[in-house]
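Subject: Handover of a structural model

Dear colleague,

Please find below the structure that I am passing to you for your further work. My notes on what was found in it follow directly after it.

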Amino acid sequence: MKYLIFCILVCFSSISFAQSIIGRVKNSTGKAVPLVNIALQGKNIGTATDSAGYYQLNVPEGANTLIFTHISYQAVSRKIKLVKGENMTIDLILSLKTETLQAVEVRDEQDKVRVQVSTIELNPNALRNIPSPFGDFNQAISTIGLGVSSNSELSSAYNVRGGNFEENLVYVNNIEIYRPFLVRAGQQEGLSFINPEMVKGVEFSSGGWQPKYGDKLSSVLNITYKKPKELHASMSAGLLGGTANIEGSSKNQKISYLIGVRHKSGRYLFNTLPTKGQYFPNFTDVQGFFNFELNKKTDLSVLVSYGRNRYLIVPQTRRTDFGTFNQTLRLTVDFAGQESLNYDTWQVGANLTHHFSEKLTSHLIVSGLQTFEREFINTEGAYRLCDVNTDLSSPDFNTCLFVRGVGSIYNYGRNFLDAQIFSAENRNEFRPNNKRKIEFGVRLSNENINDRINQYNFVDSSDFVKITEKLNTDITLNSSRISGYAQQTHFIGERQTLTYGFRLNYWTVNKQLIFSPRIQYAIKPKWKKDILFNAALGLYQQPPFYRELRNFDGQLNKDLKAQRSVHAIIGMDWNFKKWTRPFKFISELYYKYLTHVIPYDMDNVRLRYYANNEAVAYAVGADFRVSGEFIKGTESWFNLGILSTKEDVQGDERGFIRRPTDQRVTLTIFFEDHIPNNPSIRVNMRMMYGSGLPFGVPDRPEYRSVFNGGEYRRVDIGFSKIINLKDKKYLESVWLGLDILNLFGADNKISYLWIPDFLGNQYAVPNSLSQRFFNLKVVLRK
């Protein structure tokens, strides 16, 4: 009987409701608005927009009125009149209900960036235009973010406002992303996790972020991958690697997919490094992002990734000249042996989102990480250190005058690290009304790490052998963490917002429960100029991870406590127009006071922790950023950062000394231009400057940070031509590019190798980065 009634209803529906209305609903910024209720006035017929703002509604023929309603937007009505069998498309742009939200630029959950101090929203398309060796996403971040610095074009690591690169949080669609553990030099890295071709939205915070983000000290990078509605594909190839991507959706738009493959080969670029030899670096990763609309209120997204990194080098020779013109020294090394590094990483995550109502949304997130990292090192280098003849009139100009030292450098390693990290998390958002938003959540995670280390390094000079490093350990660490947060945002009056809340975290290893309160405030004065002031004050605590626990001798300090940092930030955000084009100016002052600090030494991208909470530190500085259309139809920016960060290590009786990341001045510029009346031919230029970082003598704490390293100076320039094809059946466009990397051939230093002479005096021999390189690229898009 029920089946018969159902058939009758279906038949009746097909007769009376053969007409349909389809469309998409957005807000005034072009962002999709989910959960908009759409109903026929006076009839019990309706639907709601999905997470991408799309809707479809079957309606009877004749004259009717459609009503669009949403808790945060003004209601809209549309009169329609359809004849039998007719379909209609109605796309809408909704306006906010109150001036309160407009005044502080909080238009919806996605458009919340401006009121958050130290947080900027980035254009993914602009990031892809930045010239860099491998098109690495994190290299673009180091060019754009407030207070961000990077001193190696070969690495995806970046430092933020005096912190190190292990103090940065990275999320992709609310799934936390992890870095490799064992990498010790930039050329050994693969690419950062984020695939630029898959990115839809980018938010970056340099400090003072809200409680809903995790427990780190320096920054948050929050990435949103695309949910495509149409079929597109792209492929690129160049001298340093290539990519392939495809995206699309099902006919009913309920399933979408996004698949990307990247390959990096730095062999040609690494041949410009000081150490000559045979380089065989290969990195490949595959990522997939899939979305399923289970029903109008429930979505499921799944992220899967596999990264395979192989690095093999057979070093042969090295020659480095250093010192001054009046006294130039030369290190010559002949090598034997090789290094072979293998890293395999799998990561998977799923995010189930359910809209219980217009007011309540809940996310259930589960993720897992599996990594296998192997290092096989067996190299020996016979070296000679001598003084160089700098007399231009001498027939022996640029040859060795006399030898200061000879010996050999031996490096051996057989290291194996396996790690598994699993987590489950619940995030919730509740909007009781237009003036309040409450967010809360809880996360459980388990970490299982097995680390087997057998490595030693020594220098064999004429009269002695000095062991510079020796480790032989087998460590297993299994632990669990639980964390949670709660925060509330108030929209006060017409032009103010206030967000406050806290985080909790507990780790089973050190059995420490931490509580971190935070607060943000923003106000937009009633001025003609579009200026907004914001501020933040909060406690940020970073519980130790495995690397912080392990000291120089390979022993774990399981009593190590979380590092603490108080962030105090004030800023100004000014939107203005010049030459009838949009611009933005951001300026911020910040102060961070750190306690329970774990001191560390930095060598290239390798951090060696002292594994004790034995220091206090501070970071103080200012950041300035101007961005906009300096050339019509393009996006360019200028960033300036001024910083001082120092630490006082207990017991060294030296007071406050410079921290390893104390880079006093950083300047980054990205400028884009095109030929007048022909925007298909473009020039993109990236300029970077960073003052010298401190360094000291290894294994001599009394000489930590006593020397100042060289400045980092680099200019990359890219030329491109876009050819739009008339017949778009198989191909829409072809992009041709030429990048000149390190245009002026700057000799930048990343670290130092310490070599003794016959008398036992130590000399810091600089390790340089890559030289000038020409990279050709082609991109095909469909």
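Two strands are taken as paired if DSSP finds at least two bridges between them. In this predicted model, that criterion applies to β16 and β17, which form a hairpin with two residues between them. β16 covers residues 232-238 and β17 covers residues 241-249; the two pair in the antiparallel sense over seven bridges. Within this pairing, Gly238 stands opposite Gly241 in β17.

β17 also pairs with β18 (residues 255-264): nine bridges join these strands, and they run antiparallel. The hairpin of β17 and β18 has five residues between the strands, and Gln253 takes a positive phi near 65° in it.

A further hairpin is made by β31 and β32, again with two residues between the strands; Asn604 takes a positive phi near 60° there. β31 comprises residues 600-603 and β32 residues 606-609, and four bridges hold this antiparallel pairing. Asp603 has Arg606 in β32 as its bridge partner.

The chain as a whole

The protein chain contains six helices and 44 strands. Its radius of gyration is 29 Å, close to the 28 Å that the globule rule gives for 782 residues, so the chain is as compact as a globular protein of that length. The C-alpha trace spans about 100 × 60 × 60 Å along its principal axes.

As to burial, 54% of the 782 residues count as buried. The chain exposes about 33900 Å², of which carbon and sulfur atoms supply 58%. Among contacts with a separation of 6 or more, 65% are accounted for by residues 24 or more positions apart.

An open sheet of four strands

In what order do the four strands of the open sheet stand? The order is β3-β2-β5-β6, with antiparallel pairing. β3 (46-48) and β6 (73-82) stand at the edges and have a single partner strand each, so one side of each is left without a neighbour in the sheet. On average, neighbouring strands of this sheet are turned by 20° against each other, direction ignored.

Within the sheet, β2 (residues 37-40) and β5 (residues 62-70) run antiparallel and are joined by four bridges.

Helix α4

Helix α4 spans residues 137-144 and is mostly covered, with eight of its eight residues buried. These residues are Phe137, Asn138, Gln139, Ala140, Ile141, Ser142, Thr143 and Ile144. At the start of α4, a side-chain oxygen of Asp136 comes to within 2.9 Å of the backbone nitrogen of Asn138.

The loop between β12 and β13

Two asparagines in this loop deserve a separate note. Asn173 is placed in the loop between β12 and β13. Is Asn173 buried or exposed? Its relative accessibility is 13%, and Asn173 therefore counts as buried, the cut-off being under 20%. The side chain of Asn173 reaches the backbone nitrogen of Tyr225 at 2.7 Å. Neighbours within four places in sequence left aside, Asn173 is in contact with Ile223, Thr224, Tyr225, Phe289 and Asn351.

Asn174 lies in the loop between β12 (168-172) and β13 (175-176) as well. Asn174 has a positive phi of about 70° although it is not a glycine. With a relative accessibility of 23%, Asn174 counts as partly exposed, because that class runs from the 20% limit for buried residues to the 50% limit for exposed ones.

The loop between β29 and β30

A positive phi is also found at Trp579, a residue other than glycine, where the value is near 55°. Trp579 lies in the loop between β29 (563-578) and β30 (581-597).

Yours sincerely

How values were computed:
Residues numbered from 1 in each chain as written. Predicted model: local features only at pLDDT ≥ 70, side-chain atom pairs only at ≥ 80, totals over all residues. Heavy atoms only, no water. Axes fitted to C-alpha atoms, helices over the stretch in contact; angles between N-to-C directions. Buried < 20%, exposed > 50% of the residue type's maximum accessible area, 1.4 Å probe, protein only. Polar contact = N/O pair within 3.5 Å; in protein donor to acceptor, adjacent residues only side chain to side chain. Contact = heavy atoms within 4.5 Å. Rg over C-alpha atoms; globule rule 2.2 N^0.38 Å. Areas by Shrake-Rupley, 256 points an atom, 1.4 Å probe, with all protein chains shown as cover.
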